[in-house]
Amino acid sequence: IPCIDGIPEEISGIDELKECSFQIIPSCVYFLCDGKQILYIGQSKNLYTRLSQHVEDGKRFNRVLYFYVQPNELDSVEYKLIKALRPPLNIQYNDK
């Protein structure tokens with residue numbers, strides 16, 4: 001497992017998890033965190049563009065973790081994680 005300090009316990013078992021380090025990142029599922037708390041789970045084929053949208057939307061986070069996902073699996077992987085972890089900023093799924 002990558003050496004990442006302070007991973008939120010709920011996602012510590014994802015072996016492919018990486019911390020965002022401003023490199024080109026292909027399709028992925030990502031976690032916006034405040035320290036060890038997962039605030040939001042999303043998916044992207046262009047992570048840096050998506051992160052800038054979150055900042056523009058006023059989301060506050062101090063950490064981004066992600067793992068690669070095949071493009072055709074993005075929707076299902078993201079949905080399963082949101083349903084299981086219920087992060088507070090994923091309100092569209094938390095009410096269902």
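I started just after helix α1, where Gly58 takes a positive phi of about 90°. Helices here are DSSP runs of H or I with at least four residues, strands are E runs of at least two, and both are numbered from the N terminus.

I noted the ground rules. The model is predicted, so local features need pLDDT of at least 70, side-chain atom pairs count only at pLDDT 80 or more, and totals for chains, interfaces and linings use all residues. Residues are numbered from 1 along each chain as its sequence is written, and side-chain values use heavy atoms, with hydrogens and water left out.

**Helix α1**

Which residues of α1 are buried? I found Leu47, Leu51 and His54 in this helix, which spans residues 47-56. They cover an arc of only 55° around the axis, which puts them on the same side of α1. The arc is that of the directions from the helix axis to the C-beta atoms. An α-helix has 3.6 residues a turn, so residues three or four places apart point the same way.

I looked up what covers these buried residues. The cover includes β2 (28-34), β3 (37-44) and β4 (63-68).

**His54**

I picked out His54 in α1. His54 counts as buried because its relative accessibility is 0%. Buried means under 20% relative accessible area, exposed over 50%, and partly exposed in between, with a 1.4 Å probe and protein chains only. Leaving out residues up to four places away in sequence, His54 touches Tyr30, Leu32, Tyr40, Lys59 and Phe61. Contact means heavy atoms within 4.5 Å.

**The sheet**

In what order do the four strands stand? I read β1-β4-β2-β3, an open sheet with antiparallel pairing. β1 (18-19) and β3 stand at the edges with a single partner strand each, so one side of each has no neighbour in the sheet. Two strands pair if DSSP finds at least two bridges between them.

I then followed β2 and β3. Seven bridges join them. Phe31 has Ile41 in β3 as its bridge partner. Asp34 stands opposite Gln37 in β3. Their hairpin has two residues between the strands, and Gly35 there takes a positive phi near 65°.

I also checked how covered β3 is. Six of its eight residues are buried.

**Helices on the sheet**

Last, I looked at the angles. α1 lies across β2, β3 and β4, at about 35° to β2. Helix α2 (residues 74-85) lies across β2, β3 and β4, at about 165° to β3. Axes are lines fitted to C-alpha atoms, for helices over the stretch in contact, and angles run from 0 to 180 degrees between N-to-C directions.
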